[in-house]
Amino acid sequence: MKLTIITLLVIIISCSCKHNEVSDITFCTHKVVLDEKNKIIPWYSPRENAYDHFLHLRWNFIMTKVPNSPGPAPSSKYPQYFFYCAFKDTG
């Protein structure tokens with residue numbers, strides 16, 4: 001009887017565990033990990049704040065890292081994203 005209960009518990013626990021699959025794909029130096037629905041699991045911890053962290057990084061880049069547009073004034077006083085749809089760092 002004990003063996004049957006232990007076996008059932010092991011089966012229930014193993015079925016309820018979430019299985020994450022590590023793929024061969026690397027994105028921004030991180031291995032891509034997929035959940036059981038093949039959705040990407042964030043590598044930022046805690047996972048509940050992953051999207052907030054992503055948005056903070058993006059806004060920080062837009063506000064502080066994009067250089068001003070090349071050329072004569074007045075266009076040289078504005079960031080490149082005012083004039084171009086893409087930013088390519090040549091440095």
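Trp43 is partly exposed, at a relative accessible area of 43%. My cut-offs: buried is under 20% relative accessible area, exposed is over 50%, and partly exposed lies in between, with a 1.4 Å probe and protein chains only.

I noted the ground rules next. This is a predicted model, where local features need pLDDT of at least 70, side-chain atom pairs count only at pLDDT 80 or more, and totals for chains, interfaces and linings use all residues. Residues are numbered from 1 along each chain as its sequence is written, and side-chain values use heavy atoms, with hydrogens and water left out.

Then I turned to the rings. How many aromatic pairs does the structure hold? I found two. Rings of Phe, Tyr and Trp (its six-membered ring) pair if their centres lie within 6.5 Å; planes under 30 degrees apart are stacked, over 60 edge-to-face, and the rest tilted. Phe27 and Trp43 make a tilted pair, 6.3 Å from centre to centre with 50 degrees between the planes. This pair links distant parts of the chain, 16 residues apart. Phe27 sits in strand β1 (residues 21-27), and Trp43 in the loop between β2 (30-34) and α2 (50-64).

Why is the pair of Tyr51 and Phe54 stacked? The ring planes stand at 25 degrees, with centres 6.0 Å apart, so the pair counts as stacked. Both residues are in helix α2, three residues apart, which means about one helical turn separates them. Tyr51 is exposed at 55% relative accessible area. Phe54 is partly exposed at 41%.

Back to Phe27, this time for its strand. Its bridge partner in β2 is His30. β1 and β2 pair in the antiparallel sense over four bridges; strands pair if DSSP finds at least two bridges between them. The hairpin has two residues between the strands, and Cys28 takes a positive phi near 55 degrees there.

I read the pattern α-β-β-α along the sequence, with two helices and two strands. These are DSSP runs numbered from the N terminus: helices are H or I with at least four residues, strands E with at least two. Of the 91 residues, 11% count as buried. For contacts (heavy atoms within 4.5 Å), I took those with a separation of 6 or more: residues 24 or more positions apart account for 2% of them. The accessible surface comes to about 8300 Å², and 64% of it belongs to carbon and sulfur atoms. That area comes from the Shrake-Rupley method with a 1.4 Å probe.
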